[in-house]
Amino acid sequence: MSEVPTSEIMERTKTIELRVLRYRPVSDHEPVFQAYQVPYSDDMSVLQVLQSVKDTQDGTLSFRWSCRMAICGSCGMMINGDPRLACNTFVRDLAPNPVTVEPLRNFPIERDLVVTVGDFVKKIESIYPYIIPKTPKSIEAGEYLQTPAQMAAYESFSDCINCMLCYAACPQFGANPDFIGPGAMALLQRYNGDSRDGGQQLRLDSIAGEDGVWSCTAVGVCSDACPKQVDPANAVNQNKTKSALDFFLRFIRPKDQGAGAKS
Amino acid sequence: MSERRPYVRAQPRDWWARKPYLGYTLRELTGVGVVVYGGILLAGLISLARGPEAFEGFRSFLTSPLSLLIHLLLLAVMIWHVVTWFQTMPKTMPKLIANGRHVPQQKLTLAGVGIAAVCSAALIAAFLIAGALP
Amino acid sequence: MHHVDTDILILGAGGAGLRAAIAAAQSAPELNIALVSKVFPMRSHTVAAEGGSAGVVQSHDSLENHFHDTVAGGDWLCEQDVVDYFVSRCTPEMVQLEHWGCPWSRKPDGHINVRAFGGMKIERTWFAADRSGFHILHTLFQTSIQFPSIRRFDEYFCVDLLSDEGRVQGAVMLALSTGEFTAIHAKAVVIATGGAGRVYSQNTNGGIVTGDGMALAYRHGVPLRDMEFVQYHPTCMPGTGLLFTEACRGEGAFLLNKNGDRYLQDYGLGPASPEPRNKFMELGPRDRLSQAFWHEERKGNTVSTPQGATVLLDLRHLGRAKIKERLPLICEMAEQFMGIDPATTPIPVRPAVHYTMGGILVDINTASPLAGLYAAGECSSVGIHGANRLGSNSLAELSVFGRVAGEQAAKFAKMAGPAKRSTQTEAVEAKALALLTQKGDGERHATMRAEMAASMEKGCGIYRLGPEMRETCDTLANLKQRMAGVTLEDKSRVWNTDWITAIELGYQLDVAEAMAHSAIAREESRGAHQRIDGFEQRDDARFLRHSLAHYQDGGPPTISYGPVKITHLPPAQRAYGALGEQADAAARATAGNKDVAHV
């Protein structure tokens, strides 16, 4: 990200103090706060302020970012104690008090504002996150029909940008890192709620235990933190009902359904 | 061996008392209030079983100022319990689709709380009327 | 140095890379595929694409129409046989995405809905609200998970290709989490690393769009074709450059100047009508709209803002319900970033760099001149966009040519002998480490990046002048020299983004040089390359040819030219609006009514 030396950038007449939690695995025994004084203008986001620090004051500050428009999910971090995307959190709403920036809560810190994401990706991969067609159809036969009402049943869950703010918000994930968590459950429900999909049982079987839905105590802060109105709390909690019913009904389920069976 | 050394921050022991979790904690504590009220009712039942003297003791306790205070507190707790119950209820249901769009959760919460309020009012009215009858 | 042997290496896990991986896994399940990306796949810049993806579906539409719109849109610099193949494959690929779960927006009866888009005669743009790229990317990523033969290397940054004996041999990666090197030896390599828009200051692109794969192929002797053609998207957020999709205009939005006039009718795109008309006014092609803005600014008709001159994107007459349903992301962006409610207030917008038409030279099979090396997506020049890309052809390109690349790479890998290991890997590692430890004069590479971007903006902008392009070429040469003096502040290995962005700057300078030198050499105006220094006209006699930039170590690129394949649409005047209709009618009259080809 560059500072544009043209008249097209607003003049940065004010200064904000940024307190960033740093961590360099070789030189730091534990994370430590570092303060920066940064000139800013009213249109700047916290991400742009961080970029300004990196470009002009301290090139050693590491953080993830890409799209700048809250769609890639890279820039999740704790800003003044709340899980936020840095690119759509604006300094004008936080100024003039100092702004505290820390890596996403409940995740191990790799370096500065970069947290370990690998386990989250594994969770997404574990819930069969793809269409297992109910009825086969050739490409030549064209698209499956799906009415706007059928799409409304799963649409919000398909908007998840994998930013993990919901995991930072969830205290049960904080207590149990193996909890499958809100984001993965949103993706699960996206597929289970899709009229074209027939893999519901397979996915239900994958979330039955303590690390499945049952770590959730309906705190609900995950849905408040979500920048895309996905409502992961709904995804997790409606599946508690389904999972419980499934548990009791499994004795009367026909033999050829269930884990490992292909639809 | 690489230089990688991920640092794990411990979850604070008092996370449940900090924002934004305090609201959740208070909601869960209303369940304790329900248990306390259940205890009071149980005490009444036991007093009844022990005979008219014991029950008279219970009844006079009920009319005491201390009891009034406890019951007002418990009423507030119960109301909050009902409201948060209906706030949580839509989370546990699949999305309701009406007219091709999905019904917002607040509507369901409002409907639930509304019905609870109407039923409570009807119950109170019934008792008052019954009490006024000869 | 860690070593990995694989059959197919795919660099880049955006739409094209993922589609290639899936195609390779499906066509050759016995082969091993290494899918490498410097970010997690769902962060790839495909995610930000908004408007939609083209595919003929309507009964009154035809492949011939899509072909015609694309070739005319590209100002005849397209490989017509490739365009023919492309348009025939768009719809099946969009259906394939739908089968894989892509939540395309639907008509009430459940069929796919299509919308109008710039430069397209008939509506054929499939869309998923206004987050089409997001949904396509997530659908492809999630679908790729079911193939065990795809092994992903997430957050591995490519520092160089390996090539030997006229054949690609693999690549060397830097793992971001450890700062250690891994050499992946592969029989076939697919580059799908995206465009290079970040060489400009104002752009719609994410931070990762730095032309890595283009630069790597280029340095290994593969020409970069048509690099002078850089697309300015006409409706972007002032300051950040973030994209307001063309779909706004497809749904009927107007572009107004400071006097409230729909000024596009003054630039050969009229007459204006209250309802959107395909290829008229706001639904003209992107280059023409960006050029109109430039003229309006010169005339003083633009609205001044602290972030520069703007025009107004007016959505008010669409009504709140339609805006929220069809353009929810636009609403969010306008409200969050600008405090504007599009239902009540027009949005100030201006052009910003959006897409790189040029790229790695490949043929219809996505094969580059280097044996075993394929390229697909924005990093490639397969020949469909020519001098100006039509909106919604790029998302379709990812699937159509991503698939071809995967299948062709698999075919090659099956026949090829094992990759050859050599001391090249150690040399690559040494070069990357040299940058890490280099002691220069302490210059920050961020300053150099800003200089490069400002220079490109000035010399290779919407309208170009010889002396300014020359100055940009000189600035870039100077910056390349100064790379030798760059000092990194961060000398550690774990998550050293100071190091990574410095290497990316090296890639960007090479790509920018290819753009600037190709631009100054093209002495005509065509599509997105417009000059106002005596070369204002299209010159088919001299320049109906592709430019090819050839990397020269330690110096500027040499530019040569290659022929354009013209099959059944001979060059004609490129016209839109009423002039376009007249031109179409005249063409029909002389050619006789052609039988339209159906899907």
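## Domains of chain C

Chain C is divided into domain 1 (2-49 + 132-231 + 355-420), domain 2 (235-354) and domain 3 (425-563), with bounds that come from an automatic or database domain assignment. This is a predicted model, in which local features need pLDDT of at least 70 and side-chain atom pairs count only at pLDDT 80 or more, while totals for chains, interfaces and linings use all residues. Residues are numbered from 1 along each chain as its sequence is written, and chains are lettered from A and ligands numbered from 1 in the order in which they are written.

The centres of domain 1 of chain C and domain 2 of chain C, taken over C-alpha atoms, are separated by 33 Å. Their contact takes 12 residues from domain 1 of chain C and 11 residues from domain 2 of chain C; two residues are in contact if their C-beta atoms, placed from the backbone, lie within 7 Å. On the side of domain 1 of chain C that touches domain 2 of chain C there are 5 nonpolar, 7 polar and no charged residues. Here Ala, Val, Leu, Ile, Met, Phe, Trp, Tyr, Cys and Pro count as nonpolar, Asp, Glu, Lys and Arg as charged, and the others, Gly among them, as polar.

Strands are DSSP runs (E, at least two residues), numbered from the N terminus, and two of them pair if DSSP finds at least two bridges between them.

Strand 12 (residues 254-256) of chain C runs antiparallel to strand 14 of chain C and is joined to it by 3 bridges; C:Leu255 has C:Leu313 as its bridge partner. C:Leu313 is also the bridge partner of C:Ile347 in strand 15 of chain C. Strand 15 (residues 347-356) of chain C is antiparallel to strand 14 of chain C, again with 3 bridges.

Strand 13 (residues 303-305) of chain C likewise joins strand 14 of chain C through 3 bridges in the antiparallel sense. These two strands form a hairpin with 2 residues between them, and C:Thr305 stands opposite C:Gly308.

## A three-stranded sheet

Chain C also has an open sheet of 3 strands in the order 3-5-4, with antiparallel pairing. Its edge strands, strand 3 (53-54) and strand 4 (114-115) of chain C, each pair on one side only. Strand 4 of chain C pairs with strand 5 (residues 125-126) of chain C over 2 bridges, and C:Val114 stands opposite C:Trp126.

Conventions
Helices (H or I, at least four residues) and strands (E, at least two) are DSSP runs, numbered from the N terminus.
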